[in-house]
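This report describes a two-chain model, with the sequence and structure shown first. The text then follows selected elements of each chain.

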Amino acid sequence: MHYLFTLLLLLSGLPALAQRIVLPDGEYMDTTSARSPACARAGWARYYSVQGKYPRSSYMLAREAQAFLQGQKQGYAGSGYVTFRFVVDCAGQRQPRVQVLQTTAQYQPTHFDKALVEALYAYFQTLTEWRVGALQNAPVNYLAYFTFKLKDGNVVAVVP
Amino acid sequence: MATSWLWCLSLLALAHQGRCQSAALPTLAGPCGSQRYQDSLVTKYIENGAHRYSYNDPRWTQYCDSLLAVCPNVAYAYQQKAVPLIKDGKYAEAFVLENRAAALDPTKWLAYRGFLKCVFTKDYEGAIVDFQEVARLKPGSREMDHTYPFFEGLCNLELGNFQRAEANFKEDIRQQKGPGGQQPVHFNTLFYTGVLYLEMKNYAQAKSYLTQCLQAYPQHPEANYYLGLTYRALGDKQAAPRYFLAAQKALAAGYRLNEDNIYYANYPRQITDYEIRQALQGR
C-alpha cells in the first residue's frame, strides 16, 4: 500500500518535468488535448485578430520572467529565442498542448539547455489571465505564441 | 559489352535531363533577369493568386512557391511567403526568407527586415545594422511611416545607448521637418523622445516632448502614462494620477499607440491597463 502511495506521488509530479516530446510536426512541451465542450463548436482565429496578446506589457513580462529564472538559483547560458505556441480556448483557458521552437540569436534552429527551457515553461505556466477572444461578439478559440528573447541565459525581452 | 551499353545509356540520359532543365526553367540570365518578366509573375502568382486568400490559407504559400519555382530570384515572393510565419512566431522559417528577400533586393526589403528585428524580435543590435546599411543605399527614406533614424533611436533607447538615441531622434526630427523646417513631426517621435529624456532624468525635456505629443494626439495612452511617471519623478502628487487616469480612460476607449503592427507585437514601452493600475497604486 505504501509503495502504491509513493508511486502515485511520483507520477503526480511528472507533468511538472515539462518533458519535450518530438513529433513529426515539431517538438512539444505537452501534447495533452483538452477542450471545453462549450468551445468545440467555436470558431478559430489568430491572437492578433482578437487582441489576444497577454494583458501585460512586454517589459513587465520580461522582468517577471527574469526574476523567475533567478529564483531557480541555477546558472543558465545561451542567446536566442524560445517560443511556445499554443491555443487559448473560447473560455480564455490556455490549452495544455504547447509546441516549442528554439533558435539562436541569428534565427538558426537550436536547442537550449533543457533546464532553461523547462524553467521558462514553468514561468509560462504561471500566466493564467489570457483574454477571451471574440469575433463579431462570438467567443472563439485562438492560436497564440509567447517568445522569450535570451541573452547569455537571461530573459531580455518577451514577444509579442 | 553490357557494361559499355549501360555507360552509353547513362550518358545519353544525363544529356537529355540537362536539356530538359534548360528548356523548362527560365534562367536568371534569361527572362528571370528581366524586371518586366518578374512583374508579370508577381501579377500572376501574388496579386491574382496569393492575395485572393488570407495569408493563413495554405494556398497563399503555394502561390509564392509556384512563383519561386519559375524564378527563384523574385524578392517579393520570399517576403510574402514569410508574412504568416513571422506573425506566428516561426522565426527560423521566416528569417531564411526575409534574408533572401533582403539579399536579392536590399533597397526594398532591408529596411523591412530591420523593422521586423526592431519591433517583432527585439533584436535591436541587428536592426541598427540593417537600418544603417539601408540608409547608405537610400538616404532619407522611410519604413512603416518612419525615418530610419527613428527606428535606430528606438533600438538605442531599448539598448540603453541614450546619447546615441538622442542623436537619432534629433536626426529623425530634422528629416521630418524637411528643408524648410516647417513640416509636422510624428507624435510617436515626440513620444519616444520624451521617454528617452525621462530615462535620462532630464524631466524638463521629457515633459516638453510628452506634452507636445499629447497636443498632437491627446488620447495617446502611453504619452499620458509616461507624463504621469515624469510628474511622479518630479514629486508632483496631483498631476501624476491625473495623467495615469487619462491613460486608463484612453485605453478603455480603444485608443492605442497608433502603429500598424501593434496587433501583432508590442512596440517598445507599450503599456496595458495593468501597468497603469500599478502606477495608480504607487508601484
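Helix 8 of chain B is mostly covered, with 10 of its 12 residues buried. A residue counts as buried if 20 or more other C-beta atoms lie within 10 Å of its own, as exposed if 12 or fewer do, and as partly exposed in between, with C-beta atoms placed from the backbone. Helices (H or I, at least four residues) and strands (E, at least two) are DSSP runs, numbered from the N terminus.

This is a predicted model, in which local features need pLDDT of at least 70 and side-chain atom pairs count only at pLDDT 80 or more, while totals for chains, interfaces and linings use all residues. Residues are numbered from 1 along each chain as its sequence is written, and chains are lettered from A and ligands numbered from 1 in the order in which they are written.

**Helix 8 and its surroundings**

The buried residues of helix 8 of chain B include B:Y148, B:P149, B:F150 and B:F151. Among the elements of chain B that cover the buried part of this helix are helix 6 (106-120), helix 7 (124-137), helix 9 (162-177) and helix 10 (187-199). Helix 8 spans residues 148-159 and reaches 17 Å from its first C-alpha to its last, close to the 16 Å expected at 1.5 Å a residue; the expected span is 1.5 Å times one less than the number of residues. Just after helix 8 of chain B, B:G160 has a positive phi of about 80 degrees.

B:L137 lies in helix 7 of chain B. B:L137 is exposed, having 11 other C-beta atoms within 10 Å. Leaving out residues up to four places away in sequence, B:L137 touches B:P106 and B:T107; contact here means C-beta atoms, placed from the backbone, within 7 Å. The C-alpha atoms of B:L137 and B:T107 are 6.6 Å apart, although 30 residues separate the two along the chain.

**Chain B as a whole**

Chain B has 14 helices and two strands. Its radius of gyration is 25 Å, well over the 19 Å that the globule rule gives for 283 residues, so chain B is more spread out than a compact globule. The radius is taken over C-alpha atoms, and the rule is 2.2 Å times the number of residues to the power 0.38. Along its principal axes, the C-alpha trace of chain B spans about 100 × 40 × 35 Å.

The domain assignment of chain B gives domain 1 (33-104), domain 2 (106-185) and domain 3 (204-283), with bounds from an automatic or database assignment. The centres of domain 1 and domain 3 of chain B, taken over C-alpha atoms, are 39 Å apart.

**Chain A**

Chain A has three helices and eight strands. In strand 5 of chain A, six of the seven residues are buried, so this strand is largely enclosed by the rest of the structure. Its two listed pairings are tabulated below; strands pair if DSSP finds at least two bridges between them.

| Strand pair in chain A | Sense and bridges |
|---|---|
| Strand 2 (residues 26-30) and strand 5 | antiparallel, three bridges |
| Strand 4 and strand 5 | antiparallel, six bridges |

A:Y28 stands opposite A:Q99 of strand 5 of chain A, and A:F84 has A:V100 in strand 5 as its bridge partner.

**Where the chains meet**

The contact takes 24 residues from chain A and 22 residues from chain B. Elements of chain A that each supply at least two residues to the side touching chain B include helix 2 (58-71), strand 4 (80-88) and strand 5 (98-104).

Definitions and conventions
Contact = placed C-beta atoms within 7 Å.
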